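Let us walk through this structure step by step. Keep the sequence and the 3D view side by side as you read.

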Amino acid sequence: MRQGSMKWRYLKQGIFLWVVRIAALIIAAALGGILFFIFVNGIGAVDWTFLTEPPRDSMTAGGIMPAIIGTVYLTLGAVLVAMPLGVTSAVYLSEYARSGPAVRFIRIGINSLAGVPSVVFGLFGLSLFVVYLDFGSSILAGSLTLAILILPTIIGSAEEALKAVPQTFREASLALGVSKWQTVSRIVLPNALPGILTGSILGIGRAAGETAPIMFTAAAFFTTRLPGSVFDEVMALPYHIYVLATAGTRIEETRPLQYGTALVLIALVLGVDLAAIVIRSYIRRKKRW
Amino acid sequence: MTRSFREKLIRKAFFGFAAVSIIFLLLIILFLFREALPTFQFVSIGRFIFGMEWYPTYEPPEFGIWPLIVGSLVVTSFSTLIAVPLGVLSAIYISEIAPPAVKEILKPAIELLAGLPSVVLGFFGMVVLAPWLQDTFDLPTGLNIVNASIMLAVMAIPTISSISEDALYSVPREFKEASYALGATRHETIVKVIVPAALSGISTAVILGMARAIGETMVVLMVAGGAAAVPESIFDSVRPMPASIAAEMGEAPFRSNHYHALFATGVVLLVLTLAFNFIADYVSHKFRETGSATL
């Protein structure tokens, strides 16, 4: 076959298309394989007792209830702090900011914050919240650390939601003599609210799955006691998996517990993510403008 | 209070909130350095970074993190070699080739892959990949560079794929149409027109994917094996910087030399990842395509 002939060009195209399809297939298979494997091995360990009882016999039996509760507390705390900060940041960037060095500076700050390694967040939380502010290893220290970690995610999606509100809405409001702040608070924000909530849900998923940031700031190896205040340590699902899989005395024996905990964590995180994705596509379809 | 004054005040208040991200970033740098600087009272910067021995608990202790830096760079490089082709090709598939129905499934699937907690990927590497590698290649341990690189690639692929896809998607339609009009095939259009036009976005994606891999903790903590030595083969164990910090911080006595040295390792890690991010930022601004008008 002559190079450059039509046949040759179509042959190259055919090969290329298959290479690309195979790449996409490998990724889909990796996701499917991991999920399937954890599900098949974990489902046997998960029952009502597993979800509602604390661990027994130095964590070789029993359930993971304290870890579930701990993760819920840490995550909700993080979102409660990060959401107001993230949404106000996004309102500034989308509604008030004019392009210039200040905005460019803020953007670099947000992007850099998004790039900080999770273990560095852990060190930072240890240094500032646990030691300097003397919160100790606690829900408060862990939640604040996670809040800063998810801030860029929340800013990003809130900004996207605000930008999706048509410019004509703002112009119509301003043309009626309404002030900028009233336009933002009564017209723009309500219309962007579903999108903003979606972003916050994604933040929840992110925070729930993180391990390194809470290792030194909040996570307890083992406690049967439920937290009484924000200054208590808690167990958390991701840290519990790590501890069982690496630090236990009977690692092989507790495999079913490890699979079970991993399954519960995945169900929690991906359930939350999936909910956000579904809500988002619903909003996109329902849009009145 | 007049209306215009109040509006100005509100504007200022929002600016204050937007600046919070920068304040947090500065706080992170400040509080990391606060605990890291005492390190250099007992070991020089040169010996700390280029020292070949990391024996923080020996007597006398050695605080050289060169093997940890090499460990981080090695697993990051290998994971990039795996993640870049898969990430970029999948982005091409999603943006240019996939039928809408497949796209509707594949895009959320990649988002879910990004959402998988890193501890779960580390766990998967431990219980599935490690025994398989050990049996297949007859190794003393399956917890090694290959394992860590594969699992890190899984983490980096969604970043690379979704940012590349955005870049490919924003290539102006006219480029494609002009190429077809000249008689180019679909393959030639993609490889010679669309991908080059999106190259700055794809480069940004690759750099951010690498930043993700170098900073990732749980995967390397669980599957890299933990040997603090410069590796000689891809089946050797390594101890990348995040793994060292996460594994040892729990045992290092408060404000001991070891504790400070781990913070200093954190500073090195932070500087490396921030450098990656700045390069990505620079590339995406410097070489940004501004549409057909630039031609």
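Begin where the two chains meet: 69 residues of chain A are in contact with 67 residues of chain B. On the chain B side, helix 2 (residues 20-36) of chain B gives the largest share, 11 residues. What classes of residue make up the side of chain B that touches chain A? There are 48 nonpolar, 11 polar and 8 charged residues.

Remember that this is a predicted model. The predictor gives the complex an ipTM of 0.91 and a pTM of 0.91. Chain B has an average pLDDT of 91, and 97% of the residues score at least 70. Helix 4 (residues 66-97) of chain B has the highest mean pLDDT, 95. Helix 1 (residues 3-18) of chain B has the lowest, 87.

Now take chain A by itself. Its secondary structure comes to 11 helices and 2 strands. Along the principal axes, the C-alpha atoms of chain A fill a box of roughly 70 × 70 × 35 Å. The radius of gyration of chain A is 24 Å, while a compact globule of 289 residues would have one near 19 Å. Buried residues make up 49% of chain A. Consider next the contacts in chain A with a separation of 6 or more: residues 24 or more positions apart account for 76% of them.

Turn to chain B. Chain B has 13 helices and 2 strands. Its C-alpha atoms fill a box of roughly 75 × 75 × 30 Å, again taken along the principal axes. Of the 295 residues in chain B, 47% are buried. Among contacts in chain B with a separation of 6 or more, 72% come from residues 24 or more positions apart.

Chain B is also assigned domains. Domain 1 covers residues 1-36, and domain 2 covers residues 66-294. The centres of these two domains of chain B, taken over C-alpha atoms, are separated by 32 Å. How many residues does each domain give to the contact between them? Domain 1 of chain B gives 4 residues, and domain 2 of chain B gives 6 residues. On the domain 1 side, 3 are nonpolar, none is polar and 1 is charged.

Next, look inside. The largest nonpolar core has 182 residues. Val120(A), Ala236(A), Val120(B), Val219(B) and Val223(B) have the most contacts inside this core. In soluble globular proteins, nonpolar side chains tend to be buried together.

Zoom in on Val223(B). Leave out residues up to four places away in sequence. Val223(B) then touches Gly122(B), Gly125(B), Met126(B), Ala130(B), Leu143(B), Asn147(B), Ala148(B) and Met151(B).

Compare a residue on chain A, Thr183(A), which lies in helix 8 (residues 180-209) of chain A. Why does Thr183(A) count as partly exposed? Thr183(A) has 19 C-beta neighbours inside 10 Å, and a buried residue needs 20 or more. Not counting residues up to four places away in sequence, Thr183(A) touches Arg170(A), Ser173(A), Leu174(A), Val178(A) and Val188(A). Glu95(A) is 88 residues from Thr183(A) along the chain, yet their C-alpha atoms are separated by 10.0 Å.

Finish with the backbone in some loops. Asp134(A) sits in the loop between helix 5 (118-132) and helix 6 (139-163) of chain A. Its phi is near 60°, a positive value in a residue other than glycine. Is Asp134(A) buried or exposed? Asp134(A) counts as exposed, because it has 9 C-beta neighbours inside 10 Å.

In chain B, Asp138(B) lies in the loop between helix 6 (118-137) and helix 7 (145-169). Asp138(B) also has a positive phi, near 55°. With 8 C-beta neighbours inside 10 Å, Asp138(B) counts as exposed.

One more loop deserves a look. Pro60(B) is in the loop between strand 1 (54-55) and strand 2 (62-63) of chain B. The peptide bond from Glu59(B) to Pro60(B) is cis, and its omega is near 0°.

Definitions and conventions. Residues are numbered from 1 along each chain as its sequence is written. Chains are lettered from A and ligands numbered from 1 in the order in which they are written. This is a predicted model: local features need pLDDT of at least 70, side-chain atom pairs count only at pLDDT 80 or more; totals for chains, interfaces and linings use all residues. Helices (H or I, at least four residues) and strands (E, at least two) are DSSP runs, numbered from the N terminus. The radius of gyration is taken over C-alpha atoms; the globule rule is 2.2 Å times the number of residues to the power 0.38. A residue is buried if 20 or more other C-beta atoms lie within 10 Å of its own, exposed if 12 or fewer, and partly exposed in between; C-beta atoms are placed from the backbone. Two residues are in contact if their C-beta atoms, placed from the backbone, lie within 7 Å. Ala, Val, Leu, Ile, Met, Phe, Trp, Tyr, Cys and Pro count as nonpolar, Asp, Glu, Lys and Arg as charged, and the others, Gly among them, as polar. Domain bounds come from an automatic or database domain assignment. A nonpolar core is a set of buried Ala, Val, Leu, Ile, Met, Phe, Trp, Tyr and Cys residues joined through C-beta atoms within 7 Å. pLDDT is the predictor's confidence in each residue, from 0 to 100.
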